[in-house]
Amino acid sequence: MRKALVIISALLLVAFAVQFVLAAVGGFTRPAGDDAYALHSVNGMAVIPLLTLLTALFAALAKAPGKIIGLAVLPIGLVALQPLIAMVAEASTDASGVSTPLGLTIGGLHALNGIIAVHVVVGVHRAARQLAVPVPAGAARLVTREGEPA
């Protein structure tokens, strides 16, 4: 199950990399219509949440520490925040529909939030890879509390 966690967390990381590519595709599409970011939206609202849930499920099934399971779930919250940030940025235009400095700043938070989500997924993937490495029988650490016999 731990190898499955490594694989699914790697797929999630790839999905996030693709998300940045799809954002660039939307940004450079001319003429820029409402559907320029359609693939970016589908990946961000369907593929990434599904892979995030699978990553959290495999982390639990692999009996990963709670911290890793929590980190595996965290991207769901960050992804849920993305459309809210985008809506607030879009709503921060002037009366003629032209972007304002405030709207552009809020739009920048959309990208920053995505970078934070990628950072979290990188941490989950690294932790999954460490969990998947078998520990030799003699190398296991014995943790004892102070005052207890070893």
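Ser-9 is buried in the predicted model, with a relative accessible area of 1%, where buried stands for under 20% relative accessible area, exposed for over 50% and partly exposed for values in between (1.4 Å probe, protein chains only). This serine is found in helix H1; helices (H or I, at least four residues) are DSSP runs, numbered from the N terminus. When neighbours within four places in sequence are left aside, Ser-9 is in contact with Thr-55, Val-121, Val-124, His-125 and Ala-128, contact being defined as heavy atoms within 4.5 Å. The model is a predicted one, in which local features need pLDDT of at least 70 and side-chain atom pairs count only at pLDDT 80 or more, while totals for chains, interfaces and linings use all residues. Residues are numbered from 1 along each chain as its sequence is written, and side-chain values use heavy atoms, with hydrogens and water left out.

Val-121, Val-124, His-125 and Ala-128 are among the buried residues of helix H4, which also include Gly-103, Ile-106 and Leu-131. The buried residues of H4 pack against helix H1 (2-28), helix H2 (38-61) and helix H3 (66-91). The 32 residues of H4 should span 46 Å at 1.5 Å a residue, and its end C-alpha atoms are 47 Å apart, which agrees; the expected span is taken as 1.5 Å times one less than the number of residues.

The largest nonpolar core has 23 residues, and those with the most contacts inside it are Leu-5, Leu-12, Phe-16 and Ile-48. Such a core is a set of buried Ala, Val, Leu, Ile, Met, Phe, Trp, Tyr and Cys residues joined through side-chain atoms within 4.5 Å. At least two residues of this core are supplied by each of H1, H2, H3 and H4, and the largest share, seven residues, comes from H4. Apart from neighbours within four places in sequence, Ile-48 is in contact with Leu-12, Ala-15, Phe-16, Gln-19, Asn-43 and Val-79.

Helix H4 (residues 101-132) also gives the most to a nonpolar patch, with four residues. This surface patch, of about 440 Å², is made by Phe-20, Leu-109, Leu-112, Ile-115 and Ile-116. Leu-112, at 44% relative accessibility, counts as partly exposed.

How values were computed
Patch = residues over 30% accessible without salt bridge, like charges linked within 9 Å, V, L, I, M, F, W, Y side chains within 5 Å. Areas by Shrake-Rupley, 256 points an atom, 1.4 Å probe, with all protein chains shown as cover. Salt bridge = Lys/Arg side-chain N within 4 Å of Asp/Glu carboxyl O.
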